[in-house]
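Subject: Structure handover

Hello,

My notes follow below it.

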Amino acid sequence: MNIQINFEITSTYDISSEFIKRDLYTFHKAADFIKKLPYGRNTNKNDLLTVFNDGCGTCSTKHAVLKQVADKNNFLNIKLVMGIFKMNGNNTPAVAEVLKKHNLSYIPEAHNYLKFNNEIFDYTKT
């Protein structure tokens, strides 16, 4: 299945306004913008505008911004989901040495993403 999420951003809510200021008038363009932002911890994850101010985001903040813009534009079918996966040296090479040092094959890790019509959409990285 190759579902696309798209709708026009027309709300005047603050997050929608941030996208509109950047000439991003559709969810598709907003999601592309978010996906291209570097991965990085935000200075104030309690304020989602920090993604725009910091110019970066984590899986949590990036997907929360997209969920908010969907909700505020009455596109309510998108779910913000947290999944747990086994982070190991194969799927996350940066942790391989630490795992080896501590004789661990994996550690549990949380990851946030969006779900629409039972399909997963991950806008964390390009």
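Which residue in β2 does leucine 80 stand opposite? It is leucine 114. One caution before the rest: this is a predicted model.

**The sheet**

Three strands make an open sheet, ordered β1-β2-β3, with antiparallel pairing. β1 (79-87) and β3 (119-121) are the edge strands. Each has a single partner strand, so one side of each lacks a neighbour in the sheet. From one strand to the next, the twist averages 50°. Nine bridges join β1 to β2 (residues 107-116), in the antiparallel sense. Leucine 80 and leucine 114 face each other in that pairing.

α4 packs on this sheet and touches β1, β2 and β3. The direction of α4 makes about 15° with that of β2.

**Helix α4**

This helix covers residues 59-72. α4 has 14 residues and spans 20 Å from first C-alpha to last. That is close to the 20 Å expected at 1.5 Å a residue.

Is α4 mostly covered or mostly open? Mostly covered: 10 of its 14 residues are buried. Among them are Cys59, His63, Ala64, Val65, Leu66, Val69 and Ala70. Lys62 and Lys67 are also on the buried list. What do the buried residues pack against? Their partners are α1, α2 (27-36), α3 (50-54), β1, β2 and β3.

**α1 against α4**

Two packed helices are described by the angle between their axes and the distance between the axes. For α1 (residues 14-21) and α4, the angle is about 100° and the axes are 8 Å apart. The two helices are therefore roughly perpendicular to each other. On the α1 side, the contact uses Ile15, Ser16 and Phe19. On the α4 side, it uses Val65, Leu66, Gln68, Val69 and Lys72. By class, that contact holds five nonpolar, two polar and one charged residues.

**After α4**

Asparagine 74 follows α4 and has a positive phi, near 60°. Leucine 76 sits in the loop between α4 and β1. Is leucine 76 buried or exposed? Exposed: its relative accessible area is 55%, and the cut-off for exposed is over 50%. Leucine 76 touches Lys67 and Asp71, leaving aside residues up to four places away in sequence. Leucine 76 and phenylalanine 116 are 40 residues apart along the chain. Their C-alpha atoms are separated by 9.8 Å.

Over to you.

Best wishes

Terms used
Residues numbered from 1 in each chain as written. Predicted model: local features only at pLDDT ≥ 70, side-chain atom pairs only at ≥ 80, totals over all residues. Heavy atoms only, no water. Axes fitted to C-alpha atoms, helices over the stretch in contact; angles between N-to-C directions. Helix = DSSP H or I, 4+ residues; strand = E, 2+ residues; numbered from the N terminus. Parallel < 35°, antiparallel > 145°, perpendicular 65-115°, else oblique. Contact = heavy atoms within 4.5 Å. Nonpolar A, V, L, I, M, F, W, Y, C, P; charged D, E, K, R; others polar. Pairing = 2+ DSSP bridges. Expected span 1.5 Å × (residues − 1). Buried < 20%, exposed > 50% of the residue type's maximum accessible area, 1.4 Å probe, protein only.
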